[in-house]
Amino acid sequence: MIVKSLEHLNKISKKISQKLENGDCIFLIGEIGVGKTTLTRHLINNMQSQKGLKRTEVLSPTFNLLYEYEIEDLKIMHYDLYRIKKPKELIHLGIFSENEKTIKIVEWPDLIKTPLTNKLEIHLEYGKNDNERKMKIYGLGKWKDFENEI
Ligand SMILES: Nc1ncnc2c1ncn2[C@@H]1O[C@H](COP(=O)(O)OP(=O)(O)OP(=O)(O)O)[C@@H](O)[C@H]1O
Ligand SMILES: [Mg+2]
């Protein structure tokens, strides 16, 4: 599908955030600067608004690898694995080693091979215009037919 603008991205993100629960995983795939962190920011801010909470800053975890957010009973782990080059480093990070149920949003997830039950994979590409993006969605488990809902 075509994402026409940031406003359109926000509309899509609302549909995703309404369905997000602990245990879900979102993989964000696409080139540098295409909008992975921007989409994450919309997702987190919309979840905060849906719970009647104040929207917080959502920064890129490029250097920290991980930022965590708690939204009432929801716990969100936002990863940026761009700097991780070896699967071994992933093991050290322990990203899927714990059984704890959290929402994981992962930029640059290429090295992750762990099979996941409820996974939404979002691919972003640049579009014809500045604020336009192409989006492809692949869902597993509860996200299987989500593509038809947006
Ligand atoms: N429709 C759109 N969807 C997403 N981002 C958009 C869109 N239109 C414009 N932008 C802009 O594109 C930029 C995307 O930057 P962002 O940091 O989100 O990219 P990123 O994919 O996370 O990059 P990186 O790989 O470096 O982490 C932002 O400045 C955002 O405002
Ligand atoms: Mg980013």
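The strands and helices are DSSP runs (strands are E, at least two residues; helices are H or I, at least four residues), numbered from the N terminus. In this pairing, isoleucine 2 sits opposite lysine 134 of strand 7.

A note on the source: this is a predicted model, in which local features need pLDDT of at least 70 and side-chain atom pairs count only at pLDDT 80 or more, while totals for chains, interfaces and linings use all residues. Residues are numbered from 1 along each chain as its sequence is written, and chains are lettered from A and ligands numbered from 1 in the order in which they are written.

I stayed with strand 7 and looked up its other partner. Strand 6 (119-126) runs antiparallel to strand 7, and seven bridges join them. One pair I checked is isoleucine 122, whose bridge partner in strand 7 is isoleucine 137. The two strands are joined by a hairpin through six residues.

Then I moved to strand 4 (74-80). Which way does strand 4 run against strand 3? They are antiparallel, with six bridges between them. Isoleucine 71 has leucine 74 of strand 4 as its bridge partner. Strand 4 also pairs with strand 5 (103-107), this time parallel, over five bridges. There I found isoleucine 76 bridged to isoleucine 103 in strand 5.

How much of strand 4 is buried? Five of its seven residues are, so the strand is largely enclosed by the rest of the structure. My cut-offs for this: a residue is buried if 20 or more other C-beta atoms lie within 10 Å of its own, exposed if 12 or fewer, and partly exposed in between, with C-beta atoms placed from the backbone.

Most residues other than glycine have a negative phi, so I went looking for exceptions. Glutamate 72 is not a glycine, yet its phi is positive, about 50 degrees. Glutamate 72 lies in the hairpin of strand 3 and strand 4, which has two residues between the strands. Glutamate 72 counts as exposed because it has 11 C-beta neighbours inside 10 Å.

Leucine 65 is another: not a glycine, but with a positive phi of about 70 degrees. I found leucine 65 in the loop between helix 2 and strand 3. With 16 other C-beta atoms within 10 Å, leucine 65 is partly exposed.

A glycine came up too: glycine 52 follows helix 2 and has a positive phi near 75 degrees.

**Helix 1**

I checked the length of helix 1 (6-19). The expected span is 1.5 Å times one less than the number of residues. For the 14 residues of helix 1 that gives 20 Å, and the end C-alpha atoms are 20 Å apart, which agrees.

Which residues of helix 1 are buried? Leu9, Ser13, Ile16 and Ser17 are. They cover an arc of only 95 degrees around the axis, so they are on the same side of helix 1; the arc is that of the directions from the helix axis to the C-beta atoms. Strand 1 (2-3) and helix 2 are among what covers these buried residues, where contact means C-beta atoms, placed from the backbone, within 7 Å. The face turned away carries the exposed residues Glu7, Lys15 and Gln18.

I looked at glutamate 7 again: it has 9 C-beta neighbours inside 10 Å, so it counts as exposed. The C-alpha atoms of glutamate 7 and asparagine 131 are 9.7 Å apart, although 124 residues separate the two along the chain.

**Helix 2 and ligand 1**

Helix 2 (36-50) has 15 residues that should span 21 Å, and its end C-alpha atoms are 21 Å apart, which agrees. Helix 2 is mostly covered, with 11 of its 15 residues buried; among them are Lys36, Leu39 and Thr40. The cover includes helix 1, strand 2 (25-29) and strand 3 (66-71).

Which residues come nearest to ligand 1? Of the 17 around it, they are Gly35, Lys36, Thr37, Thr38 and Asn131. A residue is near if its C-beta atom, placed from the backbone, lies within 6 Å. Helix 2 gives the largest share of the shell, three residues.

Terms used. Contact = placed C-beta atoms within 7 Å. Pairing = 2+ DSSP bridges.
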